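Take a first look at the model below.

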Amino acid sequence: MIVFLDFEASSLSKKSVPIEIAWVFEDGRSRSILIRPAADWDDWAADAEAIHGISRELLASEGVPVKQVASEMIEVLTGHDLYASAPSWDGKWLSVLLRAAGFPRHALRLGKSRDAFMAAARELTGAAITETELSKLIDGIVEESKEVIPAHRALADATLELSRWKLVREAAKKRMATGG
């Protein structure tokens, strides 16, 4: 099953760490978890906090320990196709989380959401539509679905990716129903 996931982080620096993870399955099941920073995670940027609204105090009081978060992710997400809108960043934070919990950094791997969108559209259209046409269709859906004020919370961002995937599927079905 396809799963979209997203992280929020302490900053966008090289030393940034994950502070929130959320995922949503294609069937709508979802989970969002605040991550209590590991003892040696000290990166923090006030400007990042201002964007996502997650404070150190909130993480200390409501965050789940790194090992528990990573163990749940391994248990629930292994065997599924995982996608993120920015897999270079989200993959970095996934790797930091897994390693801090004692798991191999590639125990879970992320693909790019756009690849899931392309695969879904291609599955529904076959060879009837060119790659360029599919790309334009996806670009249009992504542009139309951009929020005026982005949520910048992991579950909202992961859910947006699922919504886009569903919109791409609907648009591809419509395109085929009207003769490609």
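Predicted model: local features only at pLDDT ≥ 70, side-chain atom pairs only at ≥ 80, totals over all residues.

Q: How many aromatic pairs does a search of the whole structure find?
A: The search finds three. Phe4 and Tyr83 form one that is 6.1 Å centre to centre, with 40° between the planes. Rings of Phe, Tyr and Trp (its six-membered ring) pair if their centres lie within 6.5 Å; planes under 30 degrees apart count as stacked, over 60 as edge-to-face and the rest as tilted. The Phe4 and Tyr83 pair is therefore tilted. This pair links distant parts of the chain: Phe4 is in strand 1 (residues 2–9) and Tyr83 is in strand 5 (residues 81–84), 79 residues apart.

Q: Why does Phe4 count as buried?
A: Its relative accessibility is 0%. Buried means under 20% relative accessible area, exposed over 50%, and partly exposed in between (1.4 Å probe, protein chains only). So Phe4 counts as buried. Tyr83, at 16%, counts as buried too.

Q: What kind of aromatic pair do Trp89 and Trp93 form?
A: It is stacked, at 5.4 Å centre to centre with 25° between the planes. Trp89 and Trp93 both lie in helix 4 (residues 87–100), four residues apart, about one turn of the helix.

Q: Is Trp89 buried or partly exposed?
A: Trp89 is at 34%, so it counts as partly exposed. Trp93 is at 5%, so it counts as buried.

Q: Why is Asp42 called exposed?
A: Because its relative accessible area is 65%. Asp42 is found in the loop between strand 3 and helix 1 (46–52).

Q: What lies over the face of Phe103?
A: Lys67 does, at 4.8 Å from the ring centre. A charge sits over a ring if NZ of Lys or CZ of Arg is within 6 Å of the ring centre and within 35 degrees of the ring normal. The charged end of Arg29 sits over the ring of Phe25, 4.1 Å from its centre.

Q: How do you know that the span of helix 3 agrees with what it should be?
A: The expected span of a helix is 1.5 Å times one less than its number of residues. The twelve residues of helix 3 (residues 66–77) should span 16 Å, and its end C-alpha atoms are 16 Å apart, so the two agree.

Q: Which residues of helix 3 are buried?
A: Val66, Val69, Ala70, Met73, Ile74 and Leu77 are buried. They cover an arc of only 130° around the axis, so they are on the same side of helix 3. The arc is that of the directions from the helix axis to the C-beta atoms.

Q: Which residues touch the most other members of the largest nonpolar core?
A: Phe7, Ile21, Trp23, Met73, Leu77 and Leu97 do, in a core of 29 residues. A nonpolar core is a set of buried Ala, Val, Leu, Ile, Met, Phe, Trp, Tyr and Cys residues joined through side-chain atoms within 4.5 Å. Helix 3 gives the most to this core, with six residues.

Note on methods. Residues numbered from 1 in each chain as written. Heavy atoms only, no water. Helix = DSSP H or I, 4+ residues; strand = E, 2+ residues; numbered from the N terminus.
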